[in-house]
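Me: Can you walk me through this model? I'd like to start with the aromatics and then move on to the helix packing.

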Amino acid sequence: MEPVNGAFDVRLMRTLLLLVTECSVSRTAEILGQTQPTGSLALKRLRELIGDPILVRSGGALVPTERGLELRGTLQRLLADIDALLAPPPSFEPERTERRFRIAAANCLDAEFLPRIFARLAEEAPKASIDIATLPGHDDLMHHLADGSLDLVVGNWPRPPEQLRLAPLLSTPIKCVVAGGHRLAGTIGSLDMDRYLAERHLSPSADVMKQYSPIDGRLMELGLSRHIAASVPEYAIVPHMLAGADLVFTTGAPFAEQMAQRGDFAVIDAPAEFGRMDFYLLWHDCKHHSPAHIWFRHLVKASVSDLRSSRDMVPQMLRVAAE
């Protein structure tokens, strides 16, 4: 069915289907709320577009031509598909879904945050599953969000990408962690920036990813830099690297305090110039209106509310995240 000048639209398709189904111009016009002359003009236009009479006289009635019969079956399928495509999405039922959600998260939240997501998912959507990925580079992250292979990102960069949707999750103080025997272990109050920069540092971000680090990105904004003596790919390695080493590790309060509870480490307030470490959700417009995605976003936000008991969380940010 070749359109002429792009004139064959869905409305005309519906008119054609009615004509070859009802085999009556007047009945078709009545169903469409039109006058019979309007119906006759539509039939004339369709004949010109298709190059076939579509309906022909047989005694006192109209019957479809062979081409008209072919079009009837094709149009029934096409319009049914269009109606299904444009119908309102079905309501999302978490308890029935078997969907696999995929989220990339700043790994400093792995131990504190992700188990809560797993627990809520198991309770509310027991047949669903979740994959946790490490944060990819900027270009890969944008690609995976745009093509739908990644649902959500939990980020903590100083400047999140403006082209993505964003919802705040939580904000924490920034802390420095050192081995119990480190010379800074007894520091009272915030560490002075000059003294901080004089130390050797352990970082979870490779040197090439500095601009995406909440620590080195902030230092870059201040026109400063620190000496990263070692970097690691996973936070789980940090306690092993830091124990007994002459290194300073800088992170958000939840992970810092968790380290101090489980090992011989001291937690110190980071230089005031760092401000706070903000965490937020990022997602692409392509999934913004998806009922399943809306539910999953709310689940992730609700998981943050479990952290309210921590004295280091900002109540206002938590209220936003719980909405």
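This is a predicted model: local features need pLDDT of at least 70, side-chain atom pairs count only at pLDDT 80 or more; totals for chains, interfaces and linings use all residues.

Me: How is the pair of Tyr235 and Phe249 arranged?

Reply: Tyr235 and Phe249 are edge-to-face, at 5.4 Å centre to centre with 75° between the planes. Tyr235 sits in the loop between β8 (227–231) and α9 (238–242), and Phe249 is in strand β9 (residues 248–252), so the pair ties together parts that are 14 residues apart in sequence.

Me: Are those two buried or exposed?

Reply: Tyr235 counts as buried, at 8% relative accessibility. Phe249 is buried too, with a relative accessible area of 0%.

Me: And what's the geometry for Tyr235 and Phe255?

Reply: The ring centres of Tyr235 and Phe255 are 4.6 Å apart and the planes are at 75°, so this pair is edge-to-face. It links distant parts of the chain, with Tyr235 in the loop between β8 and α9 and Phe255 in helix α10 (residues 253–262), 20 residues apart. Phe255 is buried, its relative accessible area being 8%.

Me: Why is α10 described as largely enclosed by the rest of the structure?

Reply: Because seven of its 10 residues are buried. Those in α10 are Ala253, Pro254, Phe255, Ala256, Glu257, Gln258 and Met259.

Me: Which residues do ring pairs link into a cluster?

Reply: Phe92, Phe101, Trp295 and Phe296.

Me: OK, helices now. How do α1 and α4 cross?

Reply: The axes of α1 (residues 10–22) and α4 (residues 66–86) come within 9 Å and cross at roughly 135°. That angle makes α1 oblique to α4. The crossing of α1 past α4 is left-handed.

Me: Which residues make that contact?

Reply: On the α1 side you have Val10, Met13, Arg14, Leu16, Leu17, Val20 and Thr21. From α4 come Gly68, Leu71, Arg72, Leu75, Gln76, Leu78, Leu79, Ile82 and Asp83. Sorted by class, the contact of α1 with α4 has 10 nonpolar, three polar and three charged residues.

Me: What about α1 and α3, at what angle do they cross?

Reply: Roughly 100°, and the axes of α1 and helix α3 (residues 36–50) come within 11 Å. That makes α1 roughly perpendicular to α3. In α1, Leu12, Thr15, Leu16 and Leu19 meet Ala42, Leu43, Arg45, Leu46, Leu49 and Ile50 of α3. The class count for α1 with α3 is eight nonpolar, one polar and one charged.

Me: Let me zoom out. How many helices and strands are in the chain?

Reply: The chain has 12 helices and 11 strands. Of its 323 residues, 45% count as buried.

Me: And how much of the contact count comes from residues 24 or more positions apart?

Reply: Looking at contacts in the chain with a separation of 6 or more, 74% are between residues 24 or more positions apart.

Me: Ser205 next. Where does that one sit?

Reply: Ser205 is in the loop between β7 and α8 (216–221). Its relative accessible area is 16%, and the cut-off for buried is under 20%, so Ser205 is buried. Once neighbours within four places in sequence are set aside, Ser205 is in contact with Ser213 and Ser231.

Me: What separates the C-alpha atoms of Ser205 and Ile228?

Reply: They are separated by 9.5 Å, with Ser205 and Ile228 being 23 residues apart along the chain.

Me: Last one. Is His293 buried or exposed?

Reply: His293 counts as buried, at 0% relative accessibility. His293 lies in helix α11 (residues 291–305). Not counting residues up to four places away in sequence, His293 touches Asp151, Leu152, Trp283 and Lys287.

Technical notes. Residues are numbered from 1 along each chain as its sequence is written. Side-chain values use heavy atoms; hydrogens and water are left out. Axes are lines fitted to C-alpha atoms, for helices over the stretch in contact, and angles run from 0 to 180 degrees between N-to-C directions. Helices (H or I, at least four residues) and strands (E, at least two) are DSSP runs, numbered from the N terminus. Angles under 35 degrees count as roughly parallel, over 145 as roughly antiparallel, 65 to 115 as roughly perpendicular and the rest as oblique. A crossing is left-handed if the near helix is turned anticlockwise from the far one by less than a right angle, and right-handed if clockwise. Contact means heavy atoms within 4.5 Å. Ala, Val, Leu, Ile, Met, Phe, Trp, Tyr, Cys and Pro count as nonpolar, Asp, Glu, Lys and Arg as charged, and the others, Gly among them, as polar. Rings of Phe, Tyr and Trp (its six-membered ring) pair if their centres lie within 6.5 Å; planes under 30 degrees apart count as stacked, over 60 as edge-to-face and the rest as tilted. Buried means under 20% relative accessible area, exposed over 50%, partly exposed in between (1.4 Å probe, protein chains only).
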